[in-house]
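Keep the structure open while reading.

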Amino acid sequence: RRHTKNKHYLISRVGRLRRAGPRINEIMTRVYPNGSPLTTIAYNGHEADDIFSVASFNLLAPLYIRPIDQRTGKVQPFASFDWISEEDSERILGDHVRLPKLLKRLQDCGSDFICVQELQLEAVANNDDGVESPSNGATSQLNRGRRSRKEDMDFDGSGCNKRIVMKKSRFSLPQWIAPLTGATSGGYGVILPNSEQLEKMAERNRRVLMADVAITNAIFYKSDKWRPVSGNSARKTTTRKQLRDSRIPYHNTTNCVLQSFLPLEVTQPNQNQSETTDGPEPVVVASIHLDAKSEEKRVQQLQRCLERSLELSASPYPPPLIIAGDYNCELFPGSCVHAFLQNVKRDEQDTMSEAAYNALHIADDLDGSGLNSPENEVQYRIRECSRANRLPSNTLPSKEQLQSWDNLHASVASFVYDHCWKLDRVKTGCTRVAYDHDEEIIDDDSESVVQHTDSQSRTDNDSNSDGCVPGKHGRKTMAQWHLDHILYTSHSLVPLGKWSTL
């Protein structure tokens with residue numbers, strides 16, 4: 001689990017907003033051992049047809065294991081896996097060891113929907129005569145991403161990086177995961193971005209990592225139980241249709257793949273039927289991978305996902321929605337992404353006065369309680385703003401940084417309130433382990449102390465009811481983070497069970 005972030009949930013669909021009972025969210029979510037098949041679990045009072053399961057896996061693209069970044073000539077720290085020795089690297093990170101284990105986990109979970117991130121597609125090059133063929137020769141290693149690895153940095157043995165011009169490629173599922181779509185695995189279908197979006201990602205990888213591969217999100221779905229439906233075929237109110245037509249057409253991207261689904265036995269209304277014809281509403285599933293550095297970009301990406309799901313709704317209300325994936329943030333109170341879970345109207349704040357700023361401080365006793373207290377809300381936002389700006393521990397952000405953070409937080413709150421979103425998060429534990437990014441490391445040779453900071457790391461005072469243990473001050477230690485989440489519309493879906501995580 002140190003190298004694969006995953007979760008599995010059993011979700012019950014309980015109807016639209018106008019039909020949801022007032023106590024539907026009081027059902028206890030049961031925790032099952034990681035890897036347990038959830039496909040046979042039933043729940044009293046619910047029909048089997050009302051229950052479906054969702055899994056989320058960050059697959060860790062082979063290209064992202066210790067690649068040489070052409071912009072710096074070095075391996076980026078987040079991709080270096082320093083806690084794995086060179087001697088153990090092949091045994092733990094090698095494709096021939098890791099990928100078969102991943103495939104087995106995907107097959108065994110038997111989930112209705114499997115949301116994946118960092119799926120590395122295989123490139124199929126075009127010959128001059130237009131016939132497609134697998135890349136070969138000197139560029140075959142390049143297409144697999146091997147030529148950007150630390151151990152393969154030199155292209156010709158001379159230590160010089162050669163500029164390589166490659167033709168535009170098409171992409172297909174990698175061979176290691178292809179069995180998931182076979183009959184023995186339940187015949188999963190797959191939703192991918194279009195070729196234009198994949199080529200954009202491949203162009204970036206050619207430029208930065210010298211590898212002609214596309215890395216993307218995807219949704220695998222059980223094709224014997226579910227079928228994808230387009231936004232245009234979903235029943236719309238006139239208002240919703242006008243809203244959809246007024247926007248720029250949306251396309252799935254490599255960091256957000258979103259699709260609406262109906263059970264196979266449900267037929268879509270034809271043109272002669274009324275748009276208000278009663279019937280099951282499609283469930284919308286999204287596989288998401290948010291930006292790793294910028295809170296503003298994470299907010300923009302998640303907001304676009306929610307906007308697109310509104311266009312797919314078959315009613316005037318937000319649709320039954322699951323957003324699963326790697327959020328690259330811990331969704332702590334006070335963060336702007338966490339504001340998507342709070343349906344509370346907030347206005348942008350006036351420019352903060354010097355006196356008000358000078359009166360601020362960073363509380364050291366926040367324990368996750370008292371979130372609704374105005375004073376505590378401010379303290380949470382200060383703490384998360386400090387982390388997002390990668391400031392040293394207990395350092396107060398500048399007045400400008402706080403003002404920008406509060407305005408972004410308020411914009412999220414307004415969006416959620418104005419569009420009647422009611423989102424909640426499945427209460428999962430930590431999903432990533434690595435060296436602690438926010439600890440004092442003692443250099444035994446020089447007795448020097450270096451302070452490492454990271455926007456995602458926690459302090460020892462952070463509340464942690466799920467057992468995550470932050471790194472301690474001293475020599476370099478391992479720490480854990482909640483970076484992968486599943487959000488759901490709490491007015492229409494109820495979590496019944498989940499896998500335990502780290």
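S313 counts as buried because its relative accessibility is 0%; buried means under 20% relative accessible area, exposed over 50%, and partly exposed in between (1.4 Å probe, protein chains only). This is a predicted model, in which local features need pLDDT of at least 70 and side-chain atom pairs count only at pLDDT 80 or more, while totals for chains, interfaces and linings use all residues. Residues are numbered from 1 along each chain as its sequence is written, and side-chain values use heavy atoms, with hydrogens and water left out.

**The loop between α6 and β13**

S313 sits in the loop between α6 and β13. Helices (H or I, at least four residues) and strands (E, at least two) are DSSP runs, numbered from the N terminus. The S313 side chain makes a polar contact with the side chain of E281 at 3.3 Å. A polar contact is a pair of N or O atoms within 3.5 Å; within protein, one must be able to donate a hydrogen and the other to accept it, and residues adjacent in sequence count only if both atoms are side-chain atoms. Y317 is found in the loop between α6 and β13. Y317 is partly exposed, with a relative accessible area of 27%. Its C-alpha atom is separated by 7.9 Å from that of C420, 103 residues apart along the chain.

**The mixed sheet**

An open sheet of 6 strands runs in the order β10-β11-β12-β13-β19-β14, with mixed pairing. Two strands pair if DSSP finds at least two bridges between them. β10 (226-229) and β14 (423-425) are at the edges with a single partner strand each, so one side of each has no neighbour in the sheet. β13 and β19 (residues 484-489) run antiparallel, joined by 5 bridges. There, I322 has Y488 in β19 as its bridge partner. Helix α6 lies across β11, β12, β13, β14 and β19, at about 160° to β12. Axes are lines fitted to C-alpha atoms, for helices over the stretch in contact, and angles run from 0 to 180 degrees between N-to-C directions. Contact means heavy atoms within 4.5 Å.

**The cores**

The largest nonpolar core has 32 residues. Such a core is a set of buried Ala, Val, Leu, Ile, Met, Phe, Trp, Tyr and Cys residues joined through side-chain atoms within 4.5 Å. Its largest share, 6 residues, comes from α9. L302 is among the residues with the most contacts inside this core. Not counting residues up to four places away in sequence, L302 touches I288, L290, I323, Y327, V337, F340 and L487. A second, separate core of 24 residues includes L59, L106, F171 and L180.

**Two helices**

The expected span of a helix is 1.5 Å times one less than its number of residues.

| Helix | Residues | End-to-end C-alpha distance | Expected span |
|---|---|---|---|
| α4 | 15 residues | 20 Å | 21 Å |

The buried residues of α4 pack against β7 (170-172) and β9 (215-222). Among them are L198, M201 and V208. Just after α4, M210 takes a positive phi of about 55°. Just after α9, C420 has a positive phi of about 60°.

**An enclosed strand**

How many residues of β3 are buried? In β3 (residues 51-58), 8 of the 8 are buried, so the strand is largely enclosed by the rest of the structure. I51, S53, A55 and F57 point one way, and F52, V54, S56 and N58 the other. β3 runs parallel to β4 (residues 113-120), joined by 5 bridges. S56 stands opposite C115 in β4.
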